[in-house]
There are 2 protein chains.
Amino acid sequence: MARKPLISAAMIELMARREHHAWTLEDLQAGLSAAGTSPNFSTVFRAAEKLVADGTARKLLLDDGRARFELAGTHHDHLHCVECDELVPVPCVIAGAQSSALEAETGVAISEHHIVFSGLCQSCSGRRE
Amino acid sequence: MARKPLISAAMIELMARREHHAWTLEDLQAGLSAAGTSPNFSTVFRAAEKLVADGTARKLLLDDGRARFELAGTHHDHLHCVECDELVPVPCVIAGAQSSALEAETGVAISEHHIVFSGLCQSCSGRRE
DNA sequence: GCGGTTACGCAAACCGCTTGCAAATTCCAG
DNA sequence: CTGGAATTTGCAAGCGGTTTGCGTAACCGC
C-alpha cells in the first residue's frame, strides 16, 4: 500500500516523554532533531495536523500567537508561566453546576471551555522565594 | 502642539455602541467606514494599539487567530459563539477561593485568568429551538 | 523488481499583524 | 494671517508563523 509515517510515530513518542506538556511546532522539530531525525518544518506541521485530525492530539492557541500541541487526554486547563513560558496543565476548576448556572443566567449554551491562567509555574514560583 | 487623533475618538464611540462586544480590526475598519471615515487599516491598528496602551481597551486573541478589541471594564469572561462567531461577555465564574485552592494544590502562582467558553450565544441558542 | 500509494522536502504563498517613511493635517506662536 | 512644530494618516513593504503545491523518494503488496 504505502509508506509508513515515521514522523508521526516519533512525534507521539516524543510528546509522551513529557519534557514539555505542550509543544510548539518549533519544539517538536527541535525534539525530533535531537532524537535523530531532522524533519522539515512542513513535515512536522503536517504530522501534527494529522494527529489533531485523528484525535490523538489537540491544538491550542495562546496569546503569544503560537500554536501548541498536546496529546489528547482527560480534560484539564492550563497555566502559562510568564517566566519560563511553559504551558503547564492544571486540573479543571469549573464544575458542571457552575456552567449550568451560567447558562441559566445568560441564556447561552455551553459546549466546552478553555481556561488559561497566567502566572508562575511551580518551579518558577519556587525559585522566586 | 499637534493634531487631534480623530480616529481613536471615533473608534471609542463606535465600540461603545455595542453592536459587537469585541471587535476585530476588520470590524472596526468596517464600522468606521460605515460611520463616514474610511481609515486605512494601519491607522485602525495603531489607534487600537494606543487604546490598549492607555488602558481604554483590551486585546484578546482567539483560537481563530484573530485579535479582538473590547473596551476595558470590569473583569468578565467570554463565550465564543460557534454559529455567529460573536464573542459575548459572560460573568466570571472563578471565585478567588477556587484559584487559591488551585494554587495550593499545584504550587503555581496565579495572577490572572482568561476563560473562553464555546457554544451558542443567547440569540443563536434561541433560534435553534 | 514493478506499480501503486503515500510521506517527505523544498520553496513559495498566505494571513493577519507591524513598521518605516513621506505627505497631510492641525495647532500654536508670532 | 502665516510659519513652523508636532502628530496622525496613508501607503507600501516587511515579518512571524503557518499552510500549500508540487516533484521526488520511500514503502507496500504483488
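Visitor: Which residue is the bridge partner of B:His80 in β4(B)?

Guide: It is B:Leu87. The model is predicted, so read each feature as part of a prediction. To read a bridge, go from the residue pair to the strand pair. Here β3 (residues 77–81) of chain B and β4(B) pair over four bridges, in the antiparallel sense.

Visitor: How many strands form the open sheet, and in what order?

Guide: Walk across the sheet, strand by strand. There are six, in the order β4(A)-β3(A)-β5(A)-β5(B)-β3(B)-β4(B). The pairing is mixed.

Visitor: Which strands stand at the edges?

Guide: Look for strands with a single partner. β4 of chain A and β4 (87–90) of chain B each have just one partner strand, so one side of each is left without a neighbour in the sheet.

Visitor: How many bridges join β5(A) to strand β5 of chain B?

Guide: Count 11 bridges. The two strands, β5(A) and β5 (residues 109–120) of chain B, run antiparallel. For a landmark, find A:Ile115, which stands opposite B:Ile115 in β5(B).

Visitor: How many residues does the contact take from each chain?

Guide: To read an interface, count residues, then ask which elements supply them. Chain A gives 28 residues to its contact with chain B, and chain B gives 28. On the side of chain A, β4 (87–90), α4 (96–106), β5 (109–120) and α5 (122–127) each supply at least two residues. β5(A) has the largest share, 12 residues. Sorted by class, the side of chain A that touches chain B holds 15 nonpolar, 11 polar and two charged residues.

Visitor: Which strands does α4(A) lie across?

Guide: Find the helix, then the strands under it. α4(A) lies across β5 of chain A together with β4 of chain B. Its direction is at about 115° to β5(A). Turn to the other chain. Helix α4 (residues 96–106) of chain B packs on the sheet and touches β4 of chain A together with β5 of chain B. Its direction makes about 115° with that of β5(B).

Visitor: At what angle do the axes of helix α1 and helix α2 of chain A cross?

Guide: Compare the two axes. α1 (residues 6–16) and α2 (residues 25–34) of chain A have axes that come within 10 Å and cross at roughly 100°. Angles from 65 to 115 degrees count as roughly perpendicular. Therefore α1(A) is roughly perpendicular to α2(A). The contact uses A:Ala10, A:Met11 and A:Leu14 of α1(A), with A:Leu28, A:Gly31 and A:Leu32 of α2(A). Of these residues, five are nonpolar, one is polar and none is charged.

Visitor: Where is A:Arg18 found?

Guide: In the loop between α1 and α2 of chain A. Check the backbone angle there. Most residues other than glycine have a negative phi. The phi of A:Arg18 is near 60°, a positive value.

Visitor: Why does A:Arg18 count as exposed?

Guide: Count neighbours. A:Arg18 has 9 C-beta neighbours inside 10 Å, so it counts as exposed. The cut-off for exposed is 12 or fewer. Compare A:Asp85, in the loop between β3 (77–81) and β4 of chain A. Its phi is near 70°, also positive. A:Asp85 counts as partly exposed because it has 13 such neighbours.

Visitor: What pattern does chain A follow along the sequence?

Guide: Read it as α-α-α-β-β-β-β-α-β-α. Chain A has five helices and five strands. Of its 129 residues, 26% are buried.

How values were computed. Residues are numbered from 1 along each chain as its sequence is written. Chains are lettered from A and ligands numbered from 1 in the order in which they are written. This is a predicted model: local features need pLDDT of at least 70, side-chain atom pairs count only at pLDDT 80 or more; totals for chains, interfaces and linings use all residues. Axes are lines fitted to C-alpha atoms, for helices over the stretch in contact, and angles run from 0 to 180 degrees between N-to-C directions. Angles under 35 degrees count as roughly parallel, over 145 as roughly antiparallel, 65 to 115 as roughly perpendicular and the rest as oblique. Two residues are in contact if their C-beta atoms, placed from the backbone, lie within 7 Å. Ala, Val, Leu, Ile, Met, Phe, Trp, Tyr, Cys and Pro count as nonpolar, Asp, Glu, Lys and Arg as charged, and the others, Gly among them, as polar. Two strands pair if DSSP finds at least two bridges between them. A residue is buried if 20 or more other C-beta atoms lie within 10 Å of its own, exposed if 12 or fewer, and partly exposed in between; C-beta atoms are placed from the backbone.
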